[in-house]
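Dear colleague,

Please find below the structure that I am handing over to you.

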Amino acid sequence: STVSDALDALTDLQPDRARITADILHGLSQHPRQLPSKYFYDARGSALFEQITRQPEYYPTRTELDLLQERAADIAAVVGPHLHVVELGSGSGRKTEILLQALVDPVAYTPIEISRAALLDSVARLAPALPEIEMLPVCADFTRPVQLPEPEREPARRLVFFPGSTLGNFAGAEAVALLRAMRQTMGEGGLALIGIDLHKDPTLIEAAYNDAAGVTAEFTLNLLRRLNREIGSDFDLESFAHRARYSVERLRIETDLVSLRDQQVHVGGRTFNFAAGEAMRVEYSHKYTEASFALLAAEAGLQVTHRWDAQAPAFGLRLLRA
Ligand code: AVI
């Protein structure tokens, strides 16, 4: 596609104000309170995430990019030619470019991304670099059912690409539900290539979510800035602090925004009281062992058929089929 063909093909289902407000009111009514991490990704949030990926402490992106680069030819041989690649949470599309360049005659690429700004930027970069691939971008929350665009040319099968350990942002039942939905998306004979961050020295993991430059803290707080602007809430950004800790029992980073004082916040005509020290859960980043991931996949009716691993820091790519 040319950039203009790709933009003509855009499916725009970006969550609207009513949807976001409903999700936030729901989360604020839970005990403890929680806000969905998908709302981190407005234009600024996506840009801050890109900045996180370049921090020395944040190893996952760099490690996965190197792993993909090294194993791309092997992966391409295993998954076969003429694919429709569907990516969940495509962001900047840097990883996709490596994959698409290596695949044999890929038919189409559907990036699904909640941040319209990030999606449009990635299309503007990828379309000229890969003109022979039909680009069918979708701006949407990939946890909700999305009608996939059909490519003009018939693909051999679909490959769902879900890199970055984004799966780790979903806990327990949600992760299983997402993998089950992914199985539907894969369709007949389809495959999925998933990036997972593996359990390792907790000190290294915690450092990745507490970078010295404070970019991750800024990224977390940007959620409140975004909500204030888009749904008219009045979170005081000076009165909440980022906190990310690794739970060795649960193998996950638990990121909270901690209230620094007793305070009231107004959202959608309602008032919420926060006590000093009260934590609002905003994100999980699960880390996996071979066994924990295989079990999760099995719960969704998926099987791991191939694995490619980076060592030190440990990070894995897994190929799944139904
Ligand atoms: C997108 N996702 C996989 C990132 C992660 O590592 O959980 C988001 C992130 N949050 C803080 N730093 C990076």
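**Overall picture**

Of the 322 residues in the protein, 53% are buried (under 20% relative accessible area; exposed means over 50%, and partly exposed in between, with a 1.4 Å probe and protein chains only). This is a predicted model, in which local features need pLDDT of at least 70 and side-chain atom pairs count only at pLDDT 80 or more, while totals for chains, interfaces and linings use all residues. Residues are numbered from 1 along each chain as its sequence is written, and side-chain values use heavy atoms, with hydrogens and water left out.

The secondary structure consists of ten helices and 14 strands; these are DSSP runs, with H or I over at least four residues for helices and E over at least two for strands, numbered from the N terminus. The C-alpha atoms fill a box of roughly 60 × 45 × 35 Å along the principal axes. The radius of gyration is 20 Å, which agrees with the value near 20 Å for a compact globule of 322 residues (taken over C-alpha atoms; the rule is 2.2 Å times the number of residues to the power 0.38). Among contacts (heavy atoms within 4.5 Å) between residues at least 6 apart in sequence, 72% join residues at least 24 apart.

**Two helix pairs**

Two packed helices are described by the angle between their axes and the distance between the axes. Axes here are lines fitted to C-alpha atoms, for helices over the stretch in contact, and angles run from 0 to 180 degrees between N-to-C directions.

Helix α4 (residues 59-79) packs against helix α5 (residues 94-102) at an angle of about 15°, and their axes are 9 Å apart. α4 is therefore roughly parallel to α5 (under 35 degrees; over 145 is roughly antiparallel, 65 to 115 roughly perpendicular and the rest oblique). The contact comprises eight nonpolar, two polar and three charged residues (Ala, Val, Leu, Ile, Met, Phe, Trp, Tyr, Cys and Pro count as nonpolar, Asp, Glu, Lys and Arg as charged, and the others, Gly among them, as polar).

In the other pair, the axes of helix α2 (residues 17-28) and helix α9 (residues 215-231) come within 10 Å and cross at roughly 130°. These two helices are therefore oblique to each other, and α2 passes α9 in a left-handed crossing. Arg17, Ile20, Thr21 and Ile24 of α2 meet Arg226, Leu227, Glu230 and Ile231 of α9. Four nonpolar, one polar and three charged residues make up this contact.

**Backbone features in the loops**

Most residues other than glycine have a negative phi, and most peptide bonds are trans. A cis peptide bond joins histidine 31 and proline 32, with omega about -10°; proline 32 is in the loop between α2 and α3 (43-52). Alanine 312 and proline 313 are also joined by a cis peptide bond, with omega about 0°.

Alanine 312 has a positive phi near 45° and is found in the loop between β13 and β14. This alanine 312 counts as exposed, at 74% relative accessibility. Aspartate 105, which is not a glycine, has a positive phi of about 45°. Aspartate 105 lies in the loop between α5 and β3 (108-113) and is partly exposed, with a relative accessible area of 34%.

Yours sincerely

Conventions: Left-handed = near helix turned anticlockwise from the far one by under 90°.
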